[in-house]
Amino acid sequence: MPADVGLDDPEQSVERISAFVRSSMARADADGVVVNMSGGLDSTVVAALAAEALGPDRVYGLTLPSNKTGAVHARDAEGLAEALGIEHETIHLQPALSGFSGCMPDRFDLHDDPVSTGNLVARLRMATAYLAANVTGGIVLGTTNRSERLLGYVTKHGDGAADVLPIGHLYKTQVRELARALEVPEFVIEKPPTAGFLPGQYDRDDLGAPYDVVDPVLRLAIDGGIETPVVADRLGVDESLVQRLLARHDRTRHKRSLPPTPTEDR
């Protein structure tokens, strides 16, 4: 299997995903779609795909900052939504986060615990998206890509939850190609990927390498079933990096499946 993760035909991918979005909405008998927009690559691409597939009047964008870091990206999201011509609202979640934290027992204190806080924010964002979907009669389009899914780099029942994942089959580097086909502004494409919870927090630091390295590893090791030493040798990367990525894939398997139930004897 080749390590290249490029798209053979980005324009064809746009058409195929657009058809998928239309059929998903039709099956749900929905009136439109809701997209959480962060100002980053994935959410911008999903919003652009939705506008392409359905028309801007059937796409509702939400920007949900929870801190000063998110507020900076929120301004980008607002401008992108305006450029797409979609209805859009910004809701600051800090009051909701503070209220939620304030009524919790002391043992649930979130101070100095960025992981728990980040997970809570992600779930509040998705709860808001589903509230909007209920009000508008829409379905929620998730913005998670294949790289994030394979590595469990999502919050369970947060950004990992949605009705459909239009780019869930595309690696991050493929999403970049799709963005150019959709004429997404270059500054969005070149933004360093980040969850946006903490200043200076970037995906490459959390994962141990940029997506240009991570994606070929995942393609060869997971899609191709090629052994770790061979993957490392073919890509010229440390074997320890491949091992860490595969270990992460294995321990986050629960994020990619429905909750298990007891097996019944038939």
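The model is a predicted one, in which local features need pLDDT of at least 70 and side-chain atom pairs count only at pLDDT 80 or more, while totals for chains, interfaces and linings use all residues. Residues are numbered from 1 along each chain as its sequence is written, and side-chain values use heavy atoms, with hydrogens and water left out.

Let me begin with the cores. By nonpolar core I mean a set of buried Ala, Val, Leu, Ile, Met, Phe, Trp, Tyr and Cys residues joined through side-chain atoms within 4.5 Å, where buried means under 20% relative accessible area, exposed means over 50%, and partly exposed lies in between, with a 1.4 Å probe and protein chains only. The largest such core has 36 residues, and within it Val45, Leu141 and Leu178 touch the most other members. Among the elements that each supply at least two residues of this core are α1 (10–27), β1 (32–36), α2 (41–54) and β4 (138–141); helices (H or I, at least four residues) and strands (E, at least two) are DSSP runs, numbered from the N terminus. The largest share, 10 residues, comes from α2. Leaving aside residues up to four places away in sequence, Leu141 is in contact (heavy atoms within 4.5 Å) with residues including Val21, Val33, Val46, Ala162 and Pro166.

Apart from this core lies another, of 21 residues, with Val214, Ala232, Val237 and Leu241 among them.

Turning to helix α11, residues 228–235, its buried residues are Thr228, Val231 and Ala232. Seen down the axis, they fall within an arc of 95°, taken from the directions from the helix axis to the C-beta atoms, so they line one face of the helix. These buried residues pack against α10 (211–223) and α12 (239–251), and just after α11, Gly236 takes a positive phi of about 70°.

Ser147, placed in helix α6 (residues 146–151), counts as buried at 0% relative accessibility, and its contacts, not counting residues up to four places away in sequence, include Tyr171, Tyr211 and Asp215.

I finish with the lining of the second largest pocket. A pocket here is, on a 1 Å grid over the protein atoms alone, an open set of points where a 1.4 Å probe fits, with protein on both sides within 12 Å along at least five of seven lines, and lining residues have an atom within 4 Å of a point. Of its 15 lining residues, Gly160, Ala161, Lys255, Arg256 and Ser257 lie nearest its centre.
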